Amino acid sequence: MQITEIYKSLQGESTYAGLPCVFVRLTGCNLRCTWCDSEYTFHGGRKMTTEEAHDEVLRLSPNRGLVEITGGEPMLQEREVVPLMQRLLDDGYKVLLETSGERLLETVPEQVVKIVDVKCPDSGECGTFCLKNLETLNAHDEIKFVLSSRADYDFAREFTEHHRLEQRVNAVLFSPAFRKDASGARDSSHCLLNPQELADWMIADNVPARLGLQLHKFIWDPAVKGV
Ligand code: SF4
């Protein structure tokens, strides 16, 4: 499979935020979100066998723990990434899969925690989420909406209510988008949507979702990759 990087850091998002985690970042994406901070994954990378990727995870985290399979869009390399996830599960790792849900997720092993990033209007990729995937969600999965405007918030709230997401998954996450060229200050000034404004809306509407901030962008310079 084509891999951009494998590294160890802290998980920055989801209900697993703050935990040490190995990231396996696959190369290539079929979407082009306006605020994408992973454009460096669109091309390049290096070819690795499932065995080599597995061994690198083992080297970085020999006593097991958390592994996130991400990208890019990892499910574009389904044929290789599904066996890798199964191998890591068999080894005793907790495996997270970050995906847009544009591809069918029915081959993802049941024990994998899917973190599905449903695209909102201002991403430029709204409507790419495959609704059939709602049926493959498990109670331990999570759905994330990255928001950069009131229109995005309204979309996410309506989608959550319409599909009763809080009854399907472990967590629904509303997360302000970060400016993709952000660098320097490690604070919310780089958010495209003010977290305080988002918090006010969520409280007023009593939405069954939790506000998520990208923890790693408050710890390290937002321009730094591989953290
Ligand atoms: S799906 Fe993810 S990697 Fe692909 S363009 Fe959107 S944010 Fe970037």
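Reader: Which side chain does Arg-59 join in a polar contact?
Author: That would be Glu-56, and the polar contact between the two side chains spans 3.0 Å. Keep in mind that this is a predicted model.

Reader: OK, and where does Arg-59 sit, in which helix?
Author: Arg-59 is part of helix α1, which covers residues 50-60.

Reader: Is Arg-59 buried or exposed there?
Author: Exposed, since its relative accessible area is 56%.

Reader: How far is Arg-59 from Gly-12?
Author: In sequence they are 47 residues apart, and in space their C-alpha atoms are 21 Å apart.

Reader: Switching topic: how many disulfides are there?
Author: The count is zero.

Reader: What about cavities, how many of 30 Å³ or more?
Author: The structure has one. About 760 Å³ of space lies in the largest cavity.

Reader: Which residues are closest to the centre of the largest cavity?
Author: Out of 46 lining residues, Glu-13, Arg-25, Asp-37, Ser-38 and Gln-214 come closest to its centre.

Reader: What is that lining made of?
Author: For the largest cavity, the lining splits into 18 nonpolar, 12 polar and 16 charged residues.

Reader: Which strand gives the most to it?
Author: β1 does, supplying three residues of the lining of the largest cavity. Among the other elements that supply at least two are β2 (20-26) and α6 (216-219).

Conventions
Residues numbered from 1 in each chain as written. Predicted model: local features only at pLDDT ≥ 70, side-chain atom pairs only at ≥ 80, totals over all residues. Heavy atoms only, no water. Disulfide = S-S within 2.5 Å. Helix = DSSP H or I, 4+ residues; strand = E, 2+ residues; numbered from the N terminus. Buried < 20%, exposed > 50% of the residue type's maximum accessible area, 1.4 Å probe, protein only. Polar contact = N/O pair within 3.5 Å; in protein donor to acceptor, adjacent residues only side chain to side chain. 1 Å grid on protein atoms, 1.4 Å probe; cavity = no way out; pocket = protein on both sides within 12 Å on 5 of 7 lines; lining within 4 Å. Points joined across faces, edges and corners; volume = space filled by probe spheres on them. Nonpolar A, V, L, I, M, F, W, Y, C, P; charged D, E, K, R; others polar.
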